[in-house]
Amino acid sequence: MSDSRSTSKVAALQMVSTIQLSENLLRAEALVAEAAASGATLAVLPENFALFGSKTIFQLAAEEAKTGALQHFLAGLSVRYSIILVGGTIPLPAEDGRVYATSFIYGADGACLGRYRKIHLFDADVGDAQGSYRESDSYAPGDQLVVVESALGRIGLAVCYDLRFPEMFRGMLDLQMDIIVLPSAFTRNTGWAHWLPLLRARAIENQCLVVAANQGGIHDSTRQTSGGSVIVDSWGRVLAEAGLGEACIIASYDQAEQNALRRRMPVSQHRRV
């Protein structure tokens, strides 16, 4: 039987963000409040939670660099609701004129525990209404893995397309990662085909809890995301899963059970590269 002292609730928050910044922030706060009211101690917002599909990311990035308004907003939510909060992604200026898709994580006291710049950029043709995606036209890639210490253990940060690169998560496991958080905005075509199998694989091979928060709906005439935000345990079991539309999903994370699995089946010690 697991020790109740090692068990915590975690939440993945699914949104259908638009170009209306103020409305997106209202919906984000409502979901964080719902997660906290359900007893969650960790909540994850999706990629582009504050602004989706807009041509004004450069303006938003410049404003954020000056004022830090979205960072203050996220820190305020973490304090107000006493929750560890992963703030999806925020655009911030890069040195080459593009922007970084930056994910911040805040402790329940509002302190910034770390920030991660999305490493893998989605340059692909997927056959949907938009057809072609070239993130690297606007976004610069990050170059550092990020694993932060928290009250729930060591949390590894990744974003969306990163999911397809298992070596990245092996690198984070070498940094003693316990939990993977993955803010995302998977396209409808790729998400319905690959999202859940990839997430379960990352959970199983790294023996980690995965909390994956996706966008989930129709954003404009060409952009549709796949939803299906999910929480997967270290055995690969789906603990909670959303459909389409806005959602707050909650599941219990038992760190003692996860640690026991790692002792029984010490996969990381058996690696031969």
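Colleague: How many helices and strands does the chain have?

Modeller: In this predicted model, the chain has 6 helices and 15 strands. The C-alpha trace spans about 50 × 40 × 35 Å along its principal axes.

Colleague: Which share of the contacts joins residues at least 24 apart?

Modeller: Among contacts between residues at least 6 apart in sequence, the share is 68%. One case of sequence separation involves isoleucine 231 and valine 10, which are 221 residues apart along the chain, with their C-alpha atoms separated by 8.3 Å. Isoleucine 231 belongs to strand β13 (residues 230–232). With a relative accessible area of 0%, isoleucine 231 is buried.

Colleague: What is the strand order in the open sheet of 6 strands?

Modeller: The order is β9-β10-β11-β12-β13-β14, and the pairing is mixed. The edges are held by β9 (147–150) and β14 (238–241); each has a single partner strand, so one side of each is left without a neighbour in the sheet. On average, neighbouring strands of this sheet are turned by 20° against each other, direction ignored.

Colleague: How many bridges join β9 to β10?

Modeller: The antiparallel pair of β9 and β10 (residues 153–157) is joined by 4 bridges. Serine 150 has glycine 153 in β10 as its bridge partner.

Colleague: Where is a hairpin found, and how many residues lie between its strands?

Modeller: A hairpin is formed by β4 and β5, with 5 residues between them. Strands β4 (residues 90–93) and β5 (residues 99–106) run antiparallel and are joined by 4 bridges. Valine 99 in β5 stands opposite proline 93. In the turn, glycine 97 has a positive phi of about 95°.

Colleague: Which residues other than glycine have a positive phi?

Modeller: The general idea comes first. Most residues other than glycine have a negative phi. Among the cases in this structure is asparagine 48, with phi near 55°; asparagine 48 lies in the loop between β2 (40–44) and α2 (57–67). Another is glutamine 207, with a positive phi of about 50°, in the loop between α5 (188–206) and β12 (209–214). Glutamine 207 is buried, at a relative accessible area of 5%.

Colleague: How many aromatic pairs does the structure hold?

Modeller: The structure holds 5 aromatic pairs. In one of them, phenylalanine 122 and tyrosine 133 have ring centres 5.4 Å apart and planes at 45°, so the pair is tilted. Phenylalanine 122 is in the loop between β6 (112–117) and β7 (123–125), and tyrosine 133 is in strand β8 (residues 132–134), so the pair ties together parts that are 11 residues apart in sequence.

Colleague: Are these two residues buried or exposed?

Modeller: The cut-off for buried is under 20% relative accessible area. Phenylalanine 122 counts as buried at 12% relative accessibility, and tyrosine 133 is buried at 5%. Phe122, Tyr133, Tyr161 and Phe165 form one aromatic cluster.

Colleague: Where does the charged end of arginine 117 sit?

Modeller: The charged end of arginine 117 sits over the ring of tyrosine 100, at 4.0 Å from the ring centre.

Terms used: Residues are numbered from 1 along each chain as its sequence is written. This is a predicted model: local features need pLDDT of at least 70, side-chain atom pairs count only at pLDDT 80 or more; totals for chains, interfaces and linings use all residues. Side-chain values use heavy atoms; hydrogens and water are left out. Two strands pair if DSSP finds at least two bridges between them. Helices (H or I, at least four residues) and strands (E, at least two) are DSSP runs, numbered from the N terminus. Axes are lines fitted to C-alpha atoms, for helices over the stretch in contact, and angles run from 0 to 180 degrees between N-to-C directions. Rings of Phe, Tyr and Trp (its six-membered ring) pair if their centres lie within 6.5 Å; planes under 30 degrees apart count as stacked, over 60 as edge-to-face and the rest as tilted. Buried means under 20% relative accessible area, exposed over 50%, partly exposed in between (1.4 Å probe, protein chains only). A charge sits over a ring if NZ of Lys or CZ of Arg is within 6 Å of the ring centre and within 35 degrees of the ring normal. Contact means heavy atoms within 4.5 Å.
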